[in-house]
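Here are my notes on the model, point by point. Please keep the structure open while reading.

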Amino acid sequence: MGVASLCWGLFALITWQVLASGPLLTPDHALSRILVRTVPDSVTERLADLGNIPIAVPVLAVAMAYAARRGRWRAALAAGAALALVPALIVPLKEWTGRPGPLEPWAAGYYPSGHTATALVAYTAAALLVRPYARRPWPLWLAAALTTLTASGLVLRGFHWPLDVLASLLLCAPLLLAVGRATGHRRPAGP
């Protein structure tokens, strides 16, 4: 089984649990109760904002322009296409699941996390585009840090349940595998 199949399989499992109010929601709710508002809102809101379109998309746009200027149009277009697929995947799922938020049980549309998906795809795709020109793997580490900070801010502030964030990561990882193939980035071979 490939990585993409594994990610989508786990995503399907979590989605089923959300729709069926399955047993995975018990630790999800417990973890949320432990974590929400343990860090000041002023900090967690700024972290969550890293997944906003006006912040994350320009980062990818600059990386796409840089890659295109260096003649890597195919890679730049693959990165842009991956980000364009994010709302096409996330919005219908939010409407279908109608999951309420941790602090807003009257509202719906929290599953999966659009901010997490935007951060993951925008920052990681940008890193994959500039990675060939960096001496070290710092672009990928920076992308991982920005995505982690976004996801943490969303959970700690109570904007999303932990499973909302995990589901977005699993749903969008295969998009990044495709971007990685287009950019020529290969995963290291296993033992």
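**Notes on aromatic pairs and helix packing**

1. F11 and Y111 are both buried. This is a predicted model, so treat every value below as computed from it. The two rings form a stacked aromatic pair, with 6.1 Å centre to centre and 10° between the planes. F11 sits in helix α1 (residues 3-20), while Y111 sits in the loop between α5 (73-97) and α6; the pair therefore ties together parts that are 100 residues apart in sequence.

2. How many aromatic pairs does a search of the whole structure find? The count is two. Besides F11 and Y111, which are stacked, there is the pair of Y66 and Y133. Y66 and Y133 are edge-to-face: 5.3 Å centre to centre, 90° between the planes. Y66 belongs to helix α4 (residues 53-69) and Y133 to the loop between α6 and α7. They are 67 residues apart, and the pair links distant parts of the chain.

3. Are Y66 and Y133 buried, partly exposed or exposed? Y66 has a relative accessible area of 34%, so it is partly exposed. Y133 has 29% relative accessibility and also counts as partly exposed. The cut-off for buried is under 20%.

4. Now the helix pair. The axes of α6 (residues 114-130) and α7 (residues 138-157) come within 8 Å. They cross at roughly 175°, which means α6 is roughly antiparallel to α7. From α6, the contact uses H115, T116, A119, L120, Y123, T124, A127, L128 and V130. From α7, it uses P139, L140, A143, L146, T147, T150, A151 and L154. By class, that is twelve nonpolar and five polar residues, with no charged ones.

5. A119 deserves a look. This residue is in helix α6. At 0% relative accessibility, A119 is buried. Leaving out residues up to four places away in sequence, A119 touches L50, G51, T124, T147 and T150.

6. Helix α7 has 20 residues. From first C-alpha to last, α7 reaches 28 Å, close to the 28 Å expected at 1.5 Å a residue. Its buried residues are P139, A143, T147, T150, A151, G153, L154, V155, L156 and R157. The buried residues of α7 pack against α2 (25-35), α3 (41-48), α6 and α8 (162-183). Just after α7, G158 takes a positive phi of about 90°.

Conventions: Residues numbered from 1 in each chain as written. Predicted model: local features only at pLDDT ≥ 70, side-chain atom pairs only at ≥ 80, totals over all residues. Heavy atoms only, no water. Axes fitted to C-alpha atoms, helices over the stretch in contact; angles between N-to-C directions. Helix = DSSP H or I, 4+ residues; strand = E, 2+ residues; numbered from the N terminus. Parallel < 35°, antiparallel > 145°, perpendicular 65-115°, else oblique. Contact = heavy atoms within 4.5 Å. Nonpolar A, V, L, I, M, F, W, Y, C, P; charged D, E, K, R; others polar. Expected span 1.5 Å × (residues − 1). Buried < 20%, exposed > 50% of the residue type's maximum accessible area, 1.4 Å probe, protein only. Phe/Tyr/Trp six-rings, centres within 6.5 Å; stacked < 30°, edge-to-face > 60°.
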